[in-house]
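Please read this briefing alongside the model displayed below.

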Amino acid sequence: MADAIRIQDLRKNFRLGFIPKTREILKGITFAVREGEIFGYLGPNGAGKTTTIKCLLGLIRPDAGTIEILGRSHLSPRSREPLGFLPENPYFYDYLTAREFLAFTADLFGLGRREKEDRIRRLLALVGLERAADLPLRKYSRGMLQRAGLAQALINDPKLVILDEPLGGMDPIGRKEIRDIIVRFKDEGKTVFFTSHILQDIEMICDRVAIIVGGRIVKEGALRDLVSERVLFTEATVAGLPPAAFAGLGESVSAQGDRVLLRIFDESKVDKVLDLVRGQKGRLLSLSPRTETLEDIFVETVTRT
Ligand SMILES: Nc1ncnc2c1ncn2[C@@H]1O[C@H](COP(=O)(O)OP(=O)(O)OP(=O)(O)O)[C@@H](O)[C@H]1O
Ligand SMILES: [Mg+2]
């Protein structure tokens, strides 16, 4: 399948105030987003995520590198036609209702009346705002506003939707709702590119990810390729035996009441721990292998760079 976004060796420097000195913000970024996937652009604050998006949307000019959107150079204004966009801190007109806000955006794209009404109805349903559609936006919660913003990003029926921190500032329930909507976008055949610094959100819905740290891509790939099945350690919770009983078998990470939480790093010692528990009349409460997560990889790369 074709690539929805192809970024090659993208560089961007920013001037530091009035002094004739620049700071390198994007240091040669290369990655590709495939059509039809949910792609997560992950990185800590200040890594360069929004700057990448601004280059992609033609809002700022890169110093070097090429960007292609669905096969067209981003220098061509037509490359932006198939795009939908939700900015990082969207601003909404307080006194408009969601329906009016969507109608206003539809007018900017020059949609005909029938098409506009159909699309607004469908989008309100897609983001679950049908019942609140005629309330002014100033009465909306943050999660509802974000959903209105997501509907807005789809008003021109884009092929590719770019969402900058769509989950930012959401509580866990709000985040789940937004994640579900993003998955619905994909089910509608859209390609979704979104940024986040929250790993779990990326881990749950993305097909592929790129991790950016300090203006460089440090990892890119399918989640299942990035995260190995490698067992890091096995965690055992045991009751009825003192932590000292496990000396040499694992690391006791905490003890509460008569419970000991033990991390066993050497797989061959798991059986020994089980024998010990049985032999000394302890009770095994849980035993679970901990495999590598995206979080482990993220923390490892961020602290290494
Ligand atoms: N117009 C600008 N002039 C100078 N420096 C800028 C400008 N825009 C961004 N920067 C700097 O570039 C770096 C990257 O910013 P960017 O907004 O791309 O980060 P981000 O990854 O989106 O972070 P966040 O997770 O906080 O949104 C930051 O250090 C920021 O201060
Ligand atoms: Mg940002």
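In this predicted model, the shell around ligand 1 divides by class into 3 nonpolar, 7 polar and 2 charged residues. The points that follow name the residues of that shell and then turn to the strands.

**Around ligand 1**
- The residues that surround ligand 1 are Phe14, Ile25, Gly43, Asn45, Gly46, Ala47, Gly48, Lys49, Thr50, Thr51, Glu88 and His197.
- Helix α1, which covers residues 49-56, gives the most to this shell, contributing 3 residues.

- Four strands form an open sheet in the order β2-β1-β4-β5, and their pairing is antiparallel.
- At the edges of this sheet lie β2 (22-34) and β5 (72-73), each of which pairs on one side only.
- Helix α1 packs on the sheet, where it touches β1, β2 and β4, and its direction makes about 110 degrees with that of β1.
- Strand β1 (residues 3-15) and strand β4 (residues 64-69) run antiparallel and are joined by 5 bridges.
- Across from Glu68 in β4 stands Arg6.

**The hairpin of β9 and β10**
- Strand β9, spanning residues 208-213, pairs with strand β10, spanning residues 216-222, in the antiparallel sense over 6 bridges.
- Opposite Val209 stands Gly221, which belongs to β10.
- The hairpin made by β9 and β10 has 2 residues between its strands, and in this hairpin Gly214 takes a positive phi near 55 degrees.

Technical notes. Residues are numbered from 1 along each chain as its sequence is written. Chains are lettered from A and ligands numbered from 1 in the order in which they are written. This is a predicted model: local features need pLDDT of at least 70, side-chain atom pairs count only at pLDDT 80 or more; totals for chains, interfaces and linings use all residues. A residue is near a molecule or strand if its C-beta atom, placed from the backbone, lies within 6 Å of it. Ala, Val, Leu, Ile, Met, Phe, Trp, Tyr, Cys and Pro count as nonpolar, Asp, Glu, Lys and Arg as charged, and the others, Gly among them, as polar. Two strands pair if DSSP finds at least two bridges between them. Two residues are in contact if their C-beta atoms, placed from the backbone, lie within 7 Å. Axes are lines fitted to C-alpha atoms, for helices over the stretch in contact, and angles run from 0 to 180 degrees between N-to-C directions.
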